[in-house]
Amino acid sequence: MKFQIEDVTVYFPYDYIYPEQYAYMIELKRALDAKGHCLLEMPTGTGKTIALLSLITSYFLSKPHTPLKLIYCTRTVHEMEKTLAELKLLHNYQIKHLGPQARILAIGLSSRKNLCVNPTVLASENRDSVDAGCRKLTASWVRAMAAENPNVPTCQFFENYERAASSAVLPPGVYTLQDLRVFGKEKGWCPYFLARHMVQFANVVVYSYQYLLDPKVAGIISKEMQESVVVFDEAHNIDNVCIEALSVSVRRQTLEGATRNLNRISQEIDRFKATDASRLRAEYNRLVEGLALRQNLPITDNWLSNPALPDDILKEAVPGNIRRAEHFLHVLRRLVQYIRGRLDTENVEKESPVSFVASLNSHAGIDQKTLKFCYDRLHSLMLTLEITDTDEFLHIQTICDFATLVGTYGRGFSIIIEPFDERMPHIPDPILQLSCHDASLAIKPVFDRFQSVVITSGTLSPIDLYPRLLNFHPVVSRSFTMSLTRDCICPMVLTRGSDQLPVSTKFDMRSDPGVVRNYGKLLLEMVSIVPDGIVCFFVSYSYMDGIINTWNDTGILKEIMQHKLVFIETQDVVETTLALDNYRRACDCGRGAVFFSVARGKVAEGIDFDRHYGRLVIMFGVPFQYTLSKILLARLEYLRDTFQIKEGDFLTFDALRQAAQCVGRVIRSKADYGMMIFADKRYSRHDKRSKLPSWILSHLREVNLNLSTDMALHIAKEFLRKMAQPHDKISGSGRKTLLLEKKKYPRHEQFSVYYPS
């Protein structure tokens, strides 16, 4: 269908549109017109992605003289592929209506591991090894050696791509990662470097958050992007992504690895002094002249960029005390030795970067300016020494990453040294963490560079906290509710068991045998009446382990397994993937299953339990962060002092968005149905409950607020009986849920209203 929103003709590839999609597009257009940033919360399963893509691409088509680009950021490769599949459908629809003028180039960009087609490189097990394997075949000095000696291995796909030169281009179209790999194999070109090259010409680029938010990656991939609209999809955790991009952890293993790296670099320097001392002299001269380290480097030699943000990188010559390679190594050895001494502590220590640098200067003689240049100096040295196996040098990279950040930033960071994990105090495991507390630091360059940044998700409530956390002023901030053909969402708040004892995972109650028993009885009652799949979320791995062990000892688990099979998420990715696969098989064959998972885990963030895979989700407790964490306490103190955000407000906001993310896994479309049980007495309090998204609150009726197990069981039976009735979409019950295109519409009357049941 196509319709007008003011001066823009929107091309939408489906026969109908939900009212919330239409309202979403109107608000999105307001933000684009104002050239400002916006926050939009849209319920899950209401077609947020296609609404975004339709409006933004149609907006670009209506303004052909203003060349704009869409940068669409997703969290996972799976979400990237789904987005590109939707875009392909939309693109075909636009071409059908507009012809060749609607053609665009849209590509997905991911790591070498997901795009490489060279079988020898792909044989490596992890991403860093694949990157290093690629560099061993494509680095400029390797190719120069291969030109003289044909026995030196190179990558045929990259060589063909280089030979094709300017003719190595992608024709217009929408390319998923699989499409890029197929195209690369057909042409014999490297899909990774082809995609990297085409990013600057593409109309739509879909890639991971890190490509914009992590300075190390953004400095290489995204520096060419200018006039663009940026979308962060599923952005409820965007503040955590920003903080992780600027945080570094150093353990004893890191220091041992860094020492090995320095010994290897020292050997390489000695070898070069004996065989090709002119290279080291040339590097020294270049550094004396203060030339930028990364000008006109071949694309294959580009390593990660500086970890500091672009505006904070010094544009001046490298200090004299680290220009010579051996002097720089000596500085790094002193730095490693100093950090090793700091890790030998029996008490938790917390200090600011300023005091850490002052202490480092007095004990090891390394000043702040020297620290700032560590990362770039290491990169220059590794290029000079022609080191390709960069995966072997991750430890020294981490040390230089830490040095550059601690030398660059004085505010918004803390250095916290812990001799052991508080949850396992008998195991010594010292760790030094440079922890960023200010999410606005990493995202500020994005807000400054791009005219419109759209932050959207199904769980952004309370929406007014994000502008304060990210320190920006949205021109549009809006939360939408879900229009449904029937009441297919049934949220409940369970505050007590059938014996009327309160249930909660509060620290003083969580190990109470009565609470554990009541949680078990609740699940046992539900597995006996709910068909197909049930998903349970716990507040932590340790709590889940403890409660499952108790249920096993008391025989509750055995009774549950008489009704359904039980599968458990672990911290091992392979085990969890296998458990999920078998869980789905159990649901498909009618046996039914229960999946035990953890809030903030991989499953809570990225796996959908739609249709019969999730008819009920139980959230056992309120998933607060570990409140004794020194890093969390330091961040709370910073938020209170800088943004006037109270500790309790932030902790509640963070816990409730995680809870909403967990329960939202069961509803992935309007035809779906499912129940949500919030099993903790604290959810009945208004200050907690009110922070849930509006699309959940609008279905949370007063009678479902203060339930015991037997009351919840009764409501669940009634709900399932109602959902089991034939669903007739045609009979009109007066609910406005779909807007249909009128074939000939006047300016202000574009839709007829469709009234399903």
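Leaving aside its neighbours within four places in sequence, which residues is serine 435 in contact with?

Reply: Serine 435 touches Ser247, Gly412, Phe413, Ser414 and Ile631, once you skip the neighbours within four places in sequence; contact here means heavy atoms within 4.5 Å. A word on the model before we go on: it's predicted, so local features need pLDDT of at least 70 and side-chain atom pairs count only at pLDDT 80 or more, while totals for chains, interfaces and linings use all residues. Residues are numbered from 1 along each chain as its sequence is written, and side-chain values use heavy atoms, with hydrogens and water left out.

Serine 435 sits in strand E13, residues 428-436. Helices (H or I, at least four residues) and strands (E, at least two) are DSSP runs, numbered from the N terminus. At 5% relative accessibility, serine 435 counts as buried; that word means under 20% relative accessible area, with exposed over 50% and partly exposed in between (1.4 Å probe, protein chains only).

Asparagine 518, in helix H23, is buried too, with a relative accessible area of 3%. Leaving aside its neighbours within four places in sequence, asparagine 518 meets Gly497, Ser498, Asp499, Leu501 and Val503.

In helix H25 (residues 556-563), the buried residues are Ile556, Leu557 and Ile560. They span an arc of only 95 degrees around the axis, so they're on the same side of H25; the arc is taken from the directions from the helix axis to the C-beta atoms. Lys558 and Gln562 are exposed on the other side of H25.

Now for the nonpolar cores, which are sets of buried Ala, Val, Leu, Ile, Met, Phe, Trp, Tyr and Cys residues joined through side-chain atoms within 4.5 Å. The largest has 170 residues, and Tyr207, Phe232, Ile238 and Ile455 have the most contacts inside it. Helix H16 (residues 325-343) gives the most to this core, with 10 residues. Apart from it lies another core, of 84 residues, with Ile489, Val527, Ile556 and Val594 among them. As for isoleucine 238, leaving aside its neighbours within four places in sequence, its contacts are Tyr209, Leu213, Phe232, Ile443, Ile455 and Leu470.
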